[in-house]
Amino acid sequence: MTDHTALEIQRIAPRSSDLGEGLMVARTLPSRARRMVGAWCFLDHIGPTHFADGQGLHVGAHPHTRLQTFTWMIEGEILHRDSLGNEQVIRPGQVNLMTAGHGISHTEDSAQPGQRLHAAQLWIALPDAVAECPPDFAHYPDLPQWNDAQAPAVRCALMAGQYAGHAAPTAVHSPLLGLELRNTGSTPVTVALALAPGFEHGLMALEGSFTLAGQGFAMDELAYVAPGPDQAALELAPGARVLLLGGAPLGEAVTMWWNFVGPDLASIRGYRAEWEAASPRFGSVPGGEGRRIAAPALP
């Protein structure tokens with residue numbers, strides 16, 4: 001059994017970015033300190049924010065390759081449209097999972113202006129064996145949710161993988177865990193996390209704060225735990241909402257730039273050139289042709 005007090009934890013600070021119209025994003029993956037947690041290669045905490053009347057999230061058409069985009073909705077609604085012709089509103093407690101594979105493009109917009117918005121946006125790097133698969137999109141409106149057996153005030157929602165006898169329906173391509181733990185009570189509560197020894201793990205508060213093995217973490221700070229431990233003591237502050245990510249180390253070369261994942265920089269250059277040339281690889285988002293985002297210059 002793991003000695004909770006001896007747990008080695010890497011603390012990763014977020015980087016803040018303003019996406020316009022008052023929308024702040026805190027990014028913890030990738031960072032110089034830690035590029036990935038398993039195959040999870042990107043983590044943006046969007047909001048929480050309340051848009052003014054007539055304003056909202058508006059992200060124009062942009063491309064992706066060799067990854068899955070994974071959206072976990074907490075407050076508000078986002079309308080997803082993609083080059084396969086899919087159009088889907090995601091609501092709180094739901095997951096949108098878009099598989100870019102060979103290539104796809106999409107837009108993201110607030111379903112209604114002037115509402116609160118709070119979400120986690122993640123990417124999953126696809127293993128080489130399936131990285132060039134045809135693009136796909138899936139919407140998951142019903143995910144396993146339960147109250148922790150030892151700490152009933154803690155509400156769990158399983159977004160990916162398996163935990164405590166539950167299995168998420170989300171179709172991922174490498175061993176992963178995505179779990180939200182929320183303290184619905186008015187006092188701090190401690191839960192014993194079961195960790196897969198072969199996984200690396202990351203924890204981040206989407207609301208409130210938490211203490212892991214005696215170390216305190218504020219909202220948006222990522223606590224990274226390398227493979228090895230099989231359990232950890234997690235204390236949730238009242239009202240805290242904590243995201244637990246896990247996964248087996250991918251063990252493959254992953255190059256990330258802008259919205260692309262590729263095996264090397266040469267492939268990234270190729271994807272960028274194809275996007276700028278309006279290549280059929282990425283298709284066209286119905287209704288989004290006039291909001292196409294140009295790729296930045298390569299460094």
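Here are my entries, in the order I made them.

**Ground rules.** This is a predicted model, where local features need pLDDT of at least 70, side-chain atom pairs count only at pLDDT 80 or more, and totals for chains, interfaces and linings use all residues. Residues are numbered from 1 along each chain as its sequence is written, and side-chain values use heavy atoms, with hydrogens and water left out.

**Cysteines.** I searched the whole structure for disulfides and found zero. A disulfide here is a pair of cysteine sulfur atoms within 2.5 Å. I then checked cysteine 41, which is in no disulfide. Its nearest cysteine sulfur belongs to cysteine 133 and is 14 Å away. Is cysteine 41 buried or exposed? I noted that cysteine 41 is buried, at a relative accessible area of 0%. Cysteine 156 is buried too, at 2%. (Buried means under 20% relative accessible area, exposed over 50%, partly exposed in between, with a 1.4 Å probe and protein chains only.)

**Largest pocket.** I looked up the largest pocket next, and its volume is about 780 Å³. (On a 1 Å grid over the protein atoms alone, a pocket is an open set of points where a 1.4 Å probe fits, with protein on both sides within 12 Å along at least five of seven lines; lining residues have an atom within 4 Å of a point. A volume is the space filled by probe spheres set on the points, which are joined across faces, edges and corners.) I found 31 lining residues, and Arg27, Phe42, Asp44, Trp123 and Asn259 lie nearest the centre. Strand β5 gives the largest share of this lining, four residues. (Strands are DSSP runs of E, at least two residues, numbered from the N terminus.)

**Second largest pocket.** This pocket has a volume of about 150 Å³. Its lining includes Trp146, Asp148 and Tyr163. Which strand supplies the largest share of the lining? I wrote down β18, with four residues.

I traced an open sheet of four strands, in the order β5-β10-β7-β8, with antiparallel pairing. (Two strands pair if DSSP finds at least two bridges between them.) β5 and β8 each have a single partner strand, so one side of each is left without a neighbour in the sheet. Strand β7, residues 78-82, pairs with β10 over five bridges. In that pairing, arginine 81 has threonine 107 of β10 as its bridge partner.
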